[in-house]
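User: I would like to learn how to read cavities and pockets in a model. Please take the general idea and then the case at hand.

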Amino acid sequence: MPASGKPSQQPKADPTALGRAFKRRLKSDDVLLGSIASEYLRPSLAKIYANAGFDFIFIEKEHCLFEGSEFTDFVLAARDNQIPVISKVGSLSRSEITRVLDTGVAAIQLPRTETREDVLTLLDLVKFPPIGTRAAAPCFGNVDYNWPDDMREWLEQANQSTSIVAHIETAAGFENAEEIISTLGLDMLYVGPCDFSISLGHPGEYDHPEIKKAMGEILDLCLKYDVPFGTTASGPATAAEWIDRGCRFFEVIDELSLISAGSSELIAAYRR
């Protein structure tokens with residue numbers, strides 16, 4: 001304690017730095033590998049993923065029920081371990097998107113993106129004025145529970161730190177791909193190969209020639225408009241093909257698949 005008798009205050013860290021650094025990496029030539037949290041939102045999982053060297057974590061919040069403190073604790077653990085979080089949302093809902101952003105995620109991914117209007121609506125909900133209409137709540141995980149000293153500066157930097165991810169997974173999204181990808185303010189484009197293959201008539205066949213052709217056309221549009229393209233590959237060999245074509249990020253694998261594969265491999269080894 002200093003001579004004045006008052007406790008000293010640590011200098012405030014920039015709560016927007018992680019998200020802004022993530023955006024810079026997206027614009028670089030780096031290939032970013034993301035892990036998926038699909039059921040177990042434990043802080044230990046965030047730390048394990050960070051220790052493994054993943055570049056970001058994707059939370060599957062469309063199909064899974066993540067609410068309240070478990071979601072907040074997981075995002076805080078990820079932030080404390082310097083790994084940015086992308087969260088999917090179930091719908092274009094102001095209340096859901098606001099709550100997810102206020103935990104401190106770096107990006108929102110919108111499933112079944114099918115029109116430019118979808119992207120513009122998401123942009124409006126994610127960004128603070130004057131860009132959008134997001135309500136300010138500078139007292140939660142998004143600021144590391146440290147009220148900003150300069151509100152104007154924080155709003156500007158916060159807008160720079162949040163990323164918008166369009167998620168094409170339907171024939172309608174494919175048909176409107178150029179208007180989606182060319183929307184000003186879009187940061188990333190992800191093609192979900194499972195539902196995309198279903199929508200195009202080849203369920204589960206990620207590497208079917210028609211699926212790869214369609215995805216290649218979307219990737220070419222991303223290169224044309226300088227929007228990072230990402231997907232989930234069927235395996236490392238196919239991922240290498242996508243990287244050679246210009247793919248820049250992958251949502252690689254979820255914890256359930258890792259546990260299942262690891263358990264099966266271990267038991268098989270012991271049986272042998």
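User: Which helices each supply at least two residues of the lining of the largest cavity?

Analyst: This is a predicted model, in which local features need pLDDT of at least 70, side-chain atom pairs count only at pLDDT 80 or more, and totals for chains, interfaces and linings use all residues. Residues are numbered from 1 along each chain as its sequence is written, and side-chain values use heavy atoms, with hydrogens and water left out. Helices (H or I, at least four residues) and strands (E, at least two) are DSSP runs, numbered from the N terminus. Here α1 (17-26) and α6 (151-161) each supply at least two residues of that lining. α6 gives the most, three residues.

User: What counts as a cavity, a pocket and a lining residue?

Analyst: On a 1 Å grid over the protein atoms alone, a cavity is a set of points where a 1.4 Å probe fits but cannot get out; a pocket is an open set with protein on both sides within 12 Å along at least five of seven lines; lining residues have an atom within 4 Å of a point. Grid points are joined across faces, edges and corners, and a volume is the space filled by probe spheres set on the points. Searching the whole structure gives two cavities of 30 Å³ or more. The largest holds about 160 Å³, and of its 17 lining residues P15, R79, V105, N142 and S161 are the closest to the centre.

User: How does the lining of the largest cavity divide by class?

Analyst: Ala, Val, Leu, Ile, Met, Phe, Trp, Tyr, Cys and Pro count as nonpolar, Asp, Glu, Lys and Arg as charged, and the others, Gly among them, as polar. On that scheme the lining has nine nonpolar, six polar and two charged residues.

User: What is the volume of the second largest cavity?

Analyst: About 30 Å³. Its lining residues include P193, Y206, D207 and W242, and α10 (209-225) and α11 (236-245) are the elements that give two or more residues to it.

User: Turning to pockets, which element gives the largest share of the lining of the largest pocket?

Analyst: β8 (249-254) does, with five residues. The pocket has a volume of about 640 Å³. Of its 27 lining residues, I36, Y190, T232, E251 and V252 are the closest to the centre. By class, 14 are nonpolar, seven polar and six charged.

User: Where does the second largest pocket get most from?

Analyst: α4 (94-103) gives the most to its lining, five residues. About 230 Å³ lies in this pocket, and G68, T72, R99, V100 and T103 are nearest its centre among 14 lining residues.
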